[in-house]
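Have a look at the sequence and the coordinates first, and then we can walk through them together.

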Amino acid sequence: MNDGNTLSGPKIALQGVVKRFGRKTVLDGIDLSVDPGESLVVIGGSGSGKSVMLKCILGLMKVDEGRILVDGEDVTRMSGRELQRVRGRFGMLFQGGALFDSLPVWRNVTFALSKGSGGHAAEMRRIALENIEKVGLGAEVLDLRPSELSGGMQKRVALARAIAGHPEILFFDEPTTGLDPIRAHSINSLIVSLVRDLGITAVTITHDMASARTIAHRVAMLKDGRIIWSGPTSELESSGNDYVDDFVRGRSKSVTI
Ligand SMILES: Nc1ncnc2c1ncn2[C@@H]1O[C@H](COP(=O)(O)OP(=O)(O)OP(=O)(O)O)[C@@H](O)[C@H]1O
């Protein structure tokens with residue numbers, strides 16, 4: 001699936017990553033890598049450290065031990081401009097979309113490009129439309145406020161914003177939460193096509209196993225601060241790991257969601 005990229009090494013590599021809050025160790029030696037163009041889904045119970053892991057990759061949280069390489073560069077040793085430069089390669093779709101309700105859709109989509117200062121309005125509208133169309137919306141939503149859109153449309157606008165800066169890597173935090181099955185399916189399809197058509201590397205956190213099965217090339221399970229299993233999506237049902245089995249089948253005896 002990643003033919004041609006094998007020589008370039010992983011897009012993201014976590015090596016022995018430890019993150020503590022006070023006495024609590026949330027990440028306890030994470031080793032994980034994501035290949036260029038790969039779609040990795042991270043699953044795990046509530047509070048298992050999935051969001052903390054993404055924040056560490058983005059350099060929004062400092063790790064206590066270990067290294068995180070993005071295209072071979074260690075982001076844990078970076079700060080300031082250097083970190084901003086690497087962050088420019090990422091797009092994020094946050095839980096809830098995190099759109100600015102005081103701004104029309106087109107300003108939301110181009111917010112990072114215009115740095116919030118305005119930019120050239122005609123050019124920004126053109127870019128907004130281009131990206132809105134990529135997520136299956138049209139010009140009629142450009143001047144609406146996010147509150148005037150349905151939850152599914154808001155997610156699409158947030159996705160349009162995430163891809164507007166031509167990211168090489170996209171992070172999705174619970175992209176289908178709160179959507180009905182049809183809208184969830186269309187967001188999943190968009191993620192699949194972004195990875196396939198634009199060659200984007202994707203890391204997604206989700207509790208939605210239907211979504212994981214649709215969008216992931218590979219799934220990694222986080223528990224007690226460690227990756228306890230990772231494998232191709234086709235092996236999810238035969239992982240040989242009881243905890244993964246319980247999680248995948250939605251059994252709750254060892255999982256708290
Ligand atoms: N800034 C912080 N200060 C202290 N503890 C934190 C901080 N951020 C996260 N934690 C703790 O780290 C643990 C992991 O949190 P995290 O948000 O990564 O979980 P998660 O796996 O994403 O959960 P969920 O699926 O519910 O979103 C939790 O116990 C949380 O309380």
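The score called pLDDT is the predictor's confidence in each residue, from 0 to 100. You will need it here, as this is a predicted model in which local features need pLDDT of at least 70, side-chain atom pairs count only at pLDDT 80 or more, and totals for chains, interfaces and linings use all residues. Residues are numbered from 1 along each chain as its sequence is written.

The chain has an average pLDDT of 88, and 92% of the residues score at least 70.

| Stretch | pLDDT | Contacts in the model |
|---|---|---|
| Residues 1-6 | below 50 | eight, beyond near neighbours in sequence |
| Residues 253-257 | under 50 | eleven, beyond four places in sequence |

Where pLDDT is low, the predicted coordinates should not be read in detail. For the model as a whole, ipTM is 0.97 and pTM is 0.88.

Now to the ligand. Around it sit Phe21, Val26, Gly44, Ser46, Gly47, Ser48, Gly49, Lys50, Ser51 and Val52, where being near means a C-beta atom, placed from the backbone, within 6 Å. This shell holds three nonpolar, six polar and one charged residues, with Ala, Val, Leu, Ile, Met, Phe, Trp, Tyr, Cys and Pro counted as nonpolar, Asp, Glu, Lys and Arg as charged, and the others, Gly among them, as polar. Helix 1 (residues 50-57) contributes the most to the shell, with three residues; helices are DSSP runs (H or I, at least four residues), numbered from the N terminus.

Key
Helices (H or I, at least four residues) and strands (E, at least two) are DSSP runs, numbered from the N terminus. Two residues are in contact if their C-beta atoms, placed from the backbone, lie within 7 Å.
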